[in-house]
Amino acid sequence: MVPAAEMMKERECPAGMDVEVVKEPDELEMIEELARFGINAGDIKKAKEAGYHTAKSIVMIPKKALYSVRGLSEAKVDKMVEAASKLVKCGFITGTEALQKRKQIFKITSGSKAVDDLLGGGIETQSITECFGEYRSGKTQLSHTLAVTTQLEVSQGGGFGKVAVIDTEGAFRPENVIPIAQRYGLDPERVLDNIVTAKAYNTDHQMELVDHVGALCANQPFRLLIIDSLTALFRSDYSGRGELAERQQKLNQMMSKIKRLADQYNVAVFVTNQVMADPGGGSVFVHDAKKPIGGHILAHASSVRLSLRKGKGESRIIKVIQHPNMPEADATFDISNQGIADSND
């Protein structure tokens, strides 16, 4: 198996990029391919309208979810899953093959070498990276920076692809992207054209927007999904202990949907999270202990968890709380109108 940059099928290239095509992993079989195995075109259309655009999405989703698609009987679903399984390798592979598949992953620079070193090279595709901290700790500025660096060429630490932003707090500011693009010598107008954004108004709408991102990824070379913030609407839509179980179940469904999207399309997912006071969580030496929203569900679903806190002036301190490859450690970076960068200290 060869590296991801060489293992791609031709697809639409982001405007302004220097090469003619951007390619996707060769295992990305579109749902229309199921027709080769006798699946009715009408049934394929119904599944696609329900948000399933690839054969892999059919294999990954529980059958009961497909049973709920209007017009698809259990017999049709079983046949569709069987056909999709012939297109997608979903059985055991050797450790060597798994290692080779890891070469498909891109690492997207954060804009700071210190932070990239902390993360083993940057934000990874096929993973969910969660970043939590109090207000003005730098979460949104890191999001804006990643929205630009994702569009850099792979040799420059980018993903050479487009970016989708789901904004739940009105924090995305396109004008803030312009100086960051200029910092990297990119055309701000083209950078903004390669970013799609939508405002989510409730948790149901947020789920629908994630489905819409899946449809975009099936047809265009997206490399990053940003959700800022992931938990804001869950806090407002579900209040009190009486709705906690329902909230956590819905959050779990959201995270499962996002993980499938990241895996199917080789997309990096960067989500910001809010914090809450945790009076019982600190020691006598910690007077302002805080913990992220979402509990164990979010902790288990995220591949990487990062904590942000304020430093002196415009400096911020980022700490690895959870990472599959890197140890717990921290680093300092600065924030400015040009995004995040290495600290001057």
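Q: How many of the residues of the chain count as buried, as a percentage?
A: Burial is judged by relative accessible area, with under 20% as the cut-off. In this predicted model, 50% of the 345 residues count as buried. The accessible surface is about 16600 Å², and carbon and sulfur atoms account for 50% of that area.

Q: How many helices and strands are there in the chain?
A: The chain has 13 helices and 15 strands.

Q: Is strand S9 mostly covered or mostly open?
A: For a strand, look at the residues on both faces. S9, residues 268–273, is mostly covered, with six of six residues buried. Ala268, Phe270 and Thr272 point one way, while Val269, Val271 and Asn273 point the other, and all are buried.

Q: Which strands pair with S9?
A: Pairing is read from bridges between strands. Strand S5 (residues 128–132) pairs with S9 in the parallel sense over five bridges, and Glu130 stands opposite Val271. Strand S8 (residues 222–228) also pairs with S9 in the parallel sense, over four bridges; here Ile227 has Val271 as its bridge partner.

Q: What caps the N-terminal end of H10?
A: Asn202 does, with a side-chain oxygen 3.1 Å from the backbone nitrogen of Asp204. Within H10, the buried residues include Met207, Leu209 and Val213.

Technical notes
Residues numbered from 1 in each chain as written. Predicted model: local features only at pLDDT ≥ 70, side-chain atom pairs only at ≥ 80, totals over all residues. Heavy atoms only, no water. Buried < 20%, exposed > 50% of the residue type's maximum accessible area, 1.4 Å probe, protein only. Helix = DSSP H or I, 4+ residues; strand = E, 2+ residues; numbered from the N terminus. Pairing = 2+ DSSP bridges. Polar contact = N/O pair within 3.5 Å; in protein donor to acceptor, adjacent residues only side chain to side chain. Areas by Shrake-Rupley, 256 points an atom, 1.4 Å probe, with all protein chains shown as cover.
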